[in-house]
Amino acid sequence: MADSDWDTVTVLRKKPQKTSQLKTEQAVNQARRSGMAIETSAKYGAASNKQHSTSLNTAKLDRETEELRHEKVPADVGRLIQQGRQAKKWTQKDLATRISEKPQVIQEYEQGKAVPNQSVLGKIERAIGVRLRGKEKGQVLQPPGGKKK
(Lines give C-alpha, C1' and ligand atoms only; values in the text may rest on other atoms or scores of the structure.)
Protein backbone atom coordinates (compact mmCIF):
# COMPACT_ATOMS: atom_id res chain seq x y z
CA MET A 1 0.00 0.00 0.00
CA ALA A 2 2.96 2.24 0.28
CA ASP A 3 3.31 2.89 -3.46
CA SER A 4 -0.34 3.78 -4.21
CA ASP A 5 -0.91 7.29 -5.55
CA TRP A 6 -4.03 8.93 -4.19
CA ASP A 7 -3.85 11.93 -6.59
CA THR A 8 -4.18 10.08 -9.92
CA VAL A 9 -7.49 8.72 -11.14
CA THR A 10 -7.64 5.93 -13.69
CA VAL A 11 -10.79 5.64 -15.81
CA LEU A 12 -11.18 2.16 -17.13
CA ARG A 13 -13.92 2.64 -19.74
CA LYS A 14 -15.39 6.00 -20.61
CA LYS A 15 -18.34 5.71 -22.98
CA PRO A 16 -18.45 8.18 -25.88
CA GLN A 17 -21.34 10.64 -25.80
CA LYS A 18 -24.48 9.66 -27.64
CA THR A 19 -25.63 11.82 -30.54
CA SER A 20 -28.68 12.88 -28.56
CA GLN A 21 -26.38 14.18 -25.80
CA LEU A 22 -24.29 16.09 -28.32
CA LYS A 23 -27.39 17.97 -29.51
CA THR A 24 -28.34 19.39 -26.14
CA GLU A 25 -28.08 23.12 -25.58
CA GLN A 26 -25.47 22.56 -22.88
CA ALA A 27 -23.23 20.53 -25.21
CA VAL A 28 -23.58 23.08 -28.03
CA ASN A 29 -22.67 25.96 -25.70
CA GLN A 30 -19.66 24.05 -24.39
CA ALA A 31 -18.48 23.42 -27.97
CA ARG A 32 -18.87 27.12 -28.76
CA ARG A 33 -16.77 28.09 -25.74
CA SER A 34 -14.00 25.70 -26.73
CA GLY A 35 -13.96 27.14 -30.28
CA MET A 36 -15.14 24.03 -32.12
CA ALA A 37 -16.93 24.33 -35.46
CA ILE A 38 -20.70 24.02 -35.07
CA GLU A 39 -23.14 23.40 -37.89
CA THR A 40 -26.84 24.03 -37.41
CA SER A 41 -29.56 23.39 -39.94
CA ALA A 42 -33.34 23.63 -39.82
CA LYS A 43 -35.31 20.68 -41.07
CA TYR A 44 -37.96 21.34 -43.71
CA GLY A 45 -41.42 20.96 -42.25
CA ALA A 46 -40.13 20.35 -38.74
CA ALA A 47 -42.51 20.91 -35.83
CA SER A 48 -45.59 20.67 -37.98
CA ASN A 49 -48.31 18.14 -37.48
CA LYS A 50 -49.08 17.68 -41.17
CA GLN A 51 -49.07 14.18 -42.56
CA HIS A 52 -48.85 15.17 -46.23
CA SER A 53 -46.87 18.33 -46.85
CA THR A 54 -47.40 18.77 -50.59
CA SER A 55 -50.09 17.83 -53.01
CA LEU A 56 -50.65 18.24 -56.72
CA ASN A 57 -52.52 21.49 -56.12
CA THR A 58 -49.72 23.03 -54.07
CA ALA A 59 -47.16 21.99 -56.67
CA LYS A 60 -49.31 23.57 -59.37
CA LEU A 61 -49.56 26.78 -57.33
CA ASP A 62 -45.78 26.83 -56.92
CA ARG A 63 -45.34 26.73 -60.71
CA GLU A 64 -47.93 29.47 -61.22
CA THR A 65 -46.32 32.87 -61.66
CA GLU A 66 -49.10 35.38 -62.15
CA GLU A 67 -52.39 34.60 -60.49
CA LEU A 68 -52.12 32.53 -57.33
CA ARG A 69 -55.51 30.86 -57.23
CA HIS A 70 -56.74 27.31 -57.67
CA GLU A 71 -59.05 26.50 -60.54
CA LYS A 72 -62.69 26.52 -59.53
CA VAL A 73 -65.59 24.55 -60.96
CA PRO A 74 -66.93 26.48 -63.99
CA ALA A 75 -70.37 28.09 -63.57
CA ASP A 76 -71.85 26.01 -66.42
CA VAL A 77 -70.89 22.78 -64.61
CA GLY A 78 -72.57 24.09 -61.46
CA ARG A 79 -75.71 24.84 -63.48
CA LEU A 80 -75.65 21.36 -65.04
CA ILE A 81 -75.41 19.74 -61.61
CA GLN A 82 -78.28 21.86 -60.35
CA GLN A 83 -80.49 21.13 -63.40
CA GLY A 84 -79.74 17.39 -63.28
CA ARG A 85 -80.49 17.26 -59.57
CA GLN A 86 -83.74 19.21 -59.93
CA ALA A 87 -84.84 17.04 -62.87
CA LYS A 88 -84.74 14.04 -60.51
CA LYS A 89 -86.47 16.15 -57.80
CA TRP A 90 -83.56 15.71 -55.40
CA THR A 91 -82.34 18.18 -52.79
CA GLN A 92 -78.63 18.86 -52.40
CA LYS A 93 -78.69 16.60 -49.36
CA ASP A 94 -80.31 13.76 -51.35
CA LEU A 95 -77.62 13.95 -54.02
CA ALA A 96 -74.89 14.17 -51.38
CA THR A 97 -76.09 11.04 -49.59
CA ARG A 98 -76.33 9.13 -52.89
CA ILE A 99 -72.68 9.86 -53.71
CA SER A 100 -71.44 9.58 -50.08
CA GLU A 101 -70.36 13.21 -49.79
CA LYS A 102 -71.40 16.08 -47.52
CA PRO A 103 -74.20 18.43 -48.65
CA GLN A 104 -71.70 21.28 -48.42
CA VAL A 105 -69.67 19.67 -51.23
CA ILE A 106 -72.70 19.71 -53.56
CA GLN A 107 -73.45 23.31 -52.58
CA GLU A 108 -69.87 24.40 -53.38
CA TYR A 109 -69.91 22.62 -56.74
CA GLU A 110 -73.23 24.22 -57.72
CA GLN A 111 -72.01 27.69 -56.69
CA GLY A 112 -68.70 27.25 -58.52
CA LYS A 113 -66.63 27.65 -55.36
CA ALA A 114 -65.17 24.13 -55.21
CA VAL A 115 -61.77 23.05 -56.48
CA PRO A 116 -62.65 20.34 -59.04
CA ASN A 117 -62.05 16.78 -57.87
CA GLN A 118 -62.37 14.24 -60.67
CA SER A 119 -63.63 11.45 -58.41
CA VAL A 120 -66.41 13.65 -56.99
CA LEU A 121 -67.36 14.87 -60.48
CA GLY A 122 -67.50 11.24 -61.66
CA LYS A 123 -69.81 10.28 -58.80
CA ILE A 124 -72.10 13.25 -59.51
CA GLU A 125 -72.14 12.38 -63.24
CA ARG A 126 -73.23 8.81 -62.53
CA ALA A 127 -75.85 9.89 -59.99
CA ILE A 128 -77.59 12.56 -62.12
CA GLY A 129 -76.88 10.88 -65.46
CA VAL A 130 -75.39 13.96 -67.17
CA ARG A 131 -71.83 14.46 -68.49
CA LEU A 132 -70.00 17.20 -66.59
CA ARG A 133 -66.55 16.89 -68.18
CA GLY A 134 -65.05 16.79 -71.63
CA LYS A 135 -66.45 17.71 -75.04
CA GLU A 136 -69.83 16.07 -74.43
CA LYS A 137 -70.57 18.26 -71.41
CA GLY A 138 -74.31 18.49 -70.73
CA GLN A 139 -75.28 15.36 -72.70
CA VAL A 140 -77.07 12.43 -71.13
CA LEU A 141 -74.63 9.89 -69.72
CA GLN A 142 -74.89 6.50 -71.37
CA PRO A 143 -75.25 3.56 -68.97
CA PRO A 144 -72.27 1.18 -68.90
CA GLY A 145 -72.47 -1.20 -71.84
CA GLY A 146 -75.07 1.03 -73.54
CA LYS A 147 -74.66 1.98 -77.19
CA LYS A 148 -74.54 5.54 -78.45
CA LYS A 149 -77.33 6.55 -80.78
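Mentor: Let us start with a term: contact means heavy atoms within 4.5 Å. Keep in mind also that this is a predicted model.

Trainee: Which residues is E110 in contact with, leaving aside its neighbours within four places in sequence?
Mentor: By that cut-off, E110 is in contact with G78, I81, Q82, R85 and Q92. E110 itself is found in helix α6, residues 103-111.

Trainee: What makes E110 count as buried or exposed?
Mentor: Buried means under 20% relative accessible area. E110 has 11% relative accessibility, so it counts as buried.

Trainee: What joins the side chains of E110 and R85?
Mentor: They are joined by a polar contact of 2.6 Å. A polar contact needs N or O atoms within 3.5 Å, and the E110 to R85 value is 2.6 Å. The side chain of E110 also makes a polar contact with the side chain of Q92, at 2.7 Å.

Trainee: Now V120. Why is it called buried or exposed?
Mentor: V120 has a relative accessible area of 6%, so it is buried. The cut-off for that label is under 20%. Its place is in helix α7, residues 118-128.

Trainee: What does V120 touch, not counting residues up to four places away in sequence?
Mentor: V120 touches E101, V105 and Y109.

Trainee: Which parts does the pair tie together?
Mentor: E101 lies in the loop between α5 (92-98) and α6, and K123 in helix α7, so the pair ties together parts that are 22 residues apart in sequence. E101 is partly exposed, with a relative accessible area of 25%, and K123 is partly exposed at 26%.

Trainee: How many salt bridges does this rule count?
Mentor: The count comes to six.

Trainee: What makes the pairing of R131 and E125 a salt bridge?
Mentor: The cut-off is 4 Å, and the N to O value for R131 and E125 is 3.9 Å. R131 also meets E136 in a salt bridge, at 3.6 Å from N to O. In general, side chains of opposite charge can pair when their charged atoms come close.

Trainee: Which residues are linked in a network of salt bridges?
Mentor: The network links E125, R131, R133 and E136. Set their accessibility against the cut-offs: E125, with a relative accessible area of 3%, is buried. R131 counts as partly exposed at 26%, and E136 counts as partly exposed at 27%.

Trainee: What about K89 calls for a note on its phi?
Mentor: Most residues other than glycine have a negative phi. K89 is not a glycine, yet its phi is positive, about 60°. K89 lies in the loop between α4 (75-87) and α5. Exposed means over 50%, and K89 is exposed because its relative accessible area is 72%.

Trainee: Where is S100 found, and what is its phi near?
Mentor: S100 is found in the loop between α5 and α6. Its phi is near 60°, a positive value in a residue other than glycine. S100 is exposed as well, with a relative accessible area of 62%.

Trainee: Last, the largest pocket. Which residues are the closest to its centre?
Mentor: About 520 Å³ of space lies in that pocket. It is lined by 18 residues, and the closest to its centre are L22, K23, T24, A27 and V28. The elements that give two or more residues to this lining are α1 (19-22) and α2 (25-34).

Trainee: Which element gives the largest share of the lining?
Mentor: That is α2, with seven residues. By class, the lining has seven nonpolar, eight polar and three charged residues.

Conventions
Residues are numbered from 1 along each chain as its sequence is written. This is a predicted model: local features need pLDDT of at least 70, side-chain atom pairs count only at pLDDT 80 or more; totals for chains, interfaces and linings use all residues. Side-chain values use heavy atoms; hydrogens and water are left out. On a 1 Å grid over the protein atoms alone, a cavity is a set of points where a 1.4 Å probe fits but cannot get out, and a pocket is an open set with protein on both sides within 12 Å along at least five of seven lines; lining residues have an atom within 4 Å of a point. Grid points are joined across faces, edges and corners, and a volume is the space filled by probe spheres set on the points. Helices (H or I, at least four residues) and strands (E, at least two) are DSSP runs, numbered from the N terminus. Ala, Val, Leu, Ile, Met, Phe, Trp, Tyr, Cys and Pro count as nonpolar, Asp, Glu, Lys and Arg as charged, and the others, Gly among them, as polar. Buried means under 20% relative accessible area, exposed over 50%, partly exposed in between (1.4 Å probe, protein chains only). A polar contact is a pair of N or O atoms within 3.5 Å; within protein, one must be able to donate a hydrogen and the other to accept it, and residues adjacent in sequence count only if both atoms are side-chain atoms. A salt bridge is a side-chain nitrogen of Lys or Arg within 4 Å of a carboxyl oxygen of Asp or Glu.
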